[in-house]
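Subject: Structure handover

Hello,

I am passing this structure on to you. Please open it and keep it in view while you read.

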Amino acid sequence: MSAVSHWLFALVRRLLPPSLRPWGDAAFREAGAITRPGEALRFSLGCLFWAVGEAIRYRLSNSNRKGDETMGDGKTLGPRGVAVLCGAGATALGLAYLAAGGAPDRHLMINAGALAFGLVALGILTLADRRGHLPAGPTNLLLGLVLLAVSLWGVSVGGVTRWVALGPLIIQPAMMFVPLMAVLFARSRDTLSLAGIALAALALALQPDRGMAGALAAGLTVVALIRPDRQTLAGAAAALAGFAAAMAQADPSPAMPFVDQILYSAFAVHPLAGLAVVLGAALLVLPALAARRLSCPAQSACIAFGAVWAGLVLAAALGNYPTPLVGYGGSAIVGYLLSLVVFPRRAAGPARASVEAVSEPEGDGPLLSVGHP
């Protein structure tokens, strides 16, 4: 059995409810008896898909059964835990599609490695945020400067400049940083954070990247609609201007196999592969439903999160842009996990506010349209 299959089964055992772990151990032994590496990998991915489904079902039913009495006690998954499961599930569905479509093993290993790296990075980012070392202003300004540098001196292909070469790996920094910038801005808005957003909008227009520019514009426009203060309106205006500039330029990027247009082409591989891709894309925006139970500013950040990732899925459906998490490409996987830092670790109970709610900045604008009192 390959190291990837070993890692996948370790994740399976971690995800499964206690009552199903003996089944996971039996599946691991069965995989060990499979001699063909490709067949063993497909079996491992199938088990991971099953484990993700069982984990989500178990956690949701457990949460509903215990209700508010156990909310926030750390024994059930909070919004961030559910969001991580959605990300892992979408990645697993993408791996299943890649395996069924005959993608090179390297593609599967890179996506699986990106998931592991993203989880570690999310842990580090969460610790920094908990200790107050993740201020939105300086962080967004720094990331905006990085994106602008990539637009000016990054790797160019076919007239567009979006990538950075790290040895044998080619990463797309905008896919990693823009979702994080949008949710940080939604959670805490100041002048430096607004400057970072403006730099990011300029960078995306220069690349040009219509998909990312549209996603940033979608996220910030939604925030401006629900909290219309001067900062959010200025951020949305900058993002919309960047999106308009990107749309005004030609984007000759061709469709790449296993990356672009897979929302359609996956059905040509197999109907189940197509269904896996569609379900995985839907999982990406599911965590935004947690906003109904949150108070600002975490609520604003969760809504921005949903708008940004819905925008990226829509861009993938309309043009030659990467289909996040379910297609080949580790940058989107890492970017998705990084943007989960704004989700509360624990669900807010009736008598206990979330950590983010306690740290709500003064002067947060009025909420005009939310689904929860």
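Below is what was found in it, from the whole chain down to single residues.

Please note that this is a predicted model.

**The chain as a whole**

The chain holds 15 helices and 3 strands. It has 373 residues, and 54% of them are buried. Its accessible surface comes to about 16,400 Å². Carbon and sulfur atoms account for 66% of that surface. Now take the contacts between residues at least 6 apart in sequence. Of these, 77% join residues at least 24 apart.

**The sheet**

The 3 strands form an open sheet in the order β1-β2-β3, and the pairing is antiparallel. Which strands stand at the edges? They are β1 (155–157) and β3 (169–171). Each has a single partner strand, so one side of each lacks a neighbour in the sheet. On average, neighbouring strands here are turned by 45° against each other, direction ignored.

Start with β1 and β2. Strand β2 covers residues 160–166 and is joined to β1 by 3 bridges. Valine 155 has tryptophan 163 in β2 as its bridge partner. Valine 157 stands opposite valine 160, also in β2. The hairpin of these two strands has 2 residues between them. Glycine 158 in that hairpin takes a positive phi, near 60°.

Now move on to β2 and β3. They run antiparallel and are joined by 3 bridges. Alanine 165 stands opposite isoleucine 170 in β3. This hairpin has 2 residues between the strands. Here glycine 167 takes the positive phi, near 65°.

In general, strands of a sheet pair through backbone hydrogen bonds.

Look next at methionine 181, in helix α7 (residues 173–187). Its relative accessibility is 1%, so methionine 181 counts as buried. What is it in contact with, leaving aside neighbours within four places in sequence? The list is Asn140, Leu143, Gly144, Leu147, Gly196, Ile197 and Ala200. Methionine 181 and leucine 141 are 40 residues apart in sequence. In space, their C-alpha atoms are 9.1 Å apart.

Serine 193 lies in helix α8 (residues 191–206). Is serine 193 buried or exposed? It counts as buried, at 0% relative accessibility. Beyond its neighbours within four places in sequence, serine 193 is in contact with Ala136, Gly137, Asn140, Phe185 and Ser188.

**Helix α13**

Helix α13 runs over residues 298–318, which makes 21 residues. It reaches 30 Å from its first C-alpha to its last. That is close to the 30 Å expected at 1.5 Å a residue. The helix is mostly covered, with 17 of its 21 residues buried.

**Cysteines**

How many disulfides does a search of the whole structure find? It finds 0. A disulfide is a covalent bond between the sulfur atoms of two cysteines. Cysteine 86 is buried, at 2% relative accessibility. Cysteine 302 is buried too, with a relative accessible area of 0%.

**Backbone points in the loops**

- Proline 208 lies in the loop between α8 and α9 (210–226).
- Glutamine 261: phi is near 60°, a positive value in a residue other than glycine. Glutamine 261 sits in the loop between α10 (230–247) and α11 (262–269). Its relative accessibility is 22%, so glutamine 261 counts as partly exposed.
- Leucine 325: phi is positive, about 70°, although this residue is not a glycine. Leucine 325 is in the loop between α13 and α14 (330–338). Its relative accessibility is 1%, so leucine 325 counts as buried.

**Where to begin**

Begin with the sheet and its order, β1-β2-β3. Then go to methionine 181 in α7 and serine 193 in α8. After that, follow α13, where 17 of 21 residues are buried.

Best wishes

Note on methods: Residues numbered from 1 in each chain as written. Predicted model: local features only at pLDDT ≥ 70, side-chain atom pairs only at ≥ 80, totals over all residues. Heavy atoms only, no water. Helix = DSSP H or I, 4+ residues; strand = E, 2+ residues; numbered from the N terminus. Buried < 20%, exposed > 50% of the residue type's maximum accessible area, 1.4 Å probe, protein only. Contact = heavy atoms within 4.5 Å. Areas by Shrake-Rupley, 256 points an atom, 1.4 Å probe, with all protein chains shown as cover. Expected span 1.5 Å × (residues − 1). Disulfide = S-S within 2.5 Å. Pairing = 2+ DSSP bridges. Axes fitted to C-alpha atoms, helices over the stretch in contact; angles between N-to-C directions.
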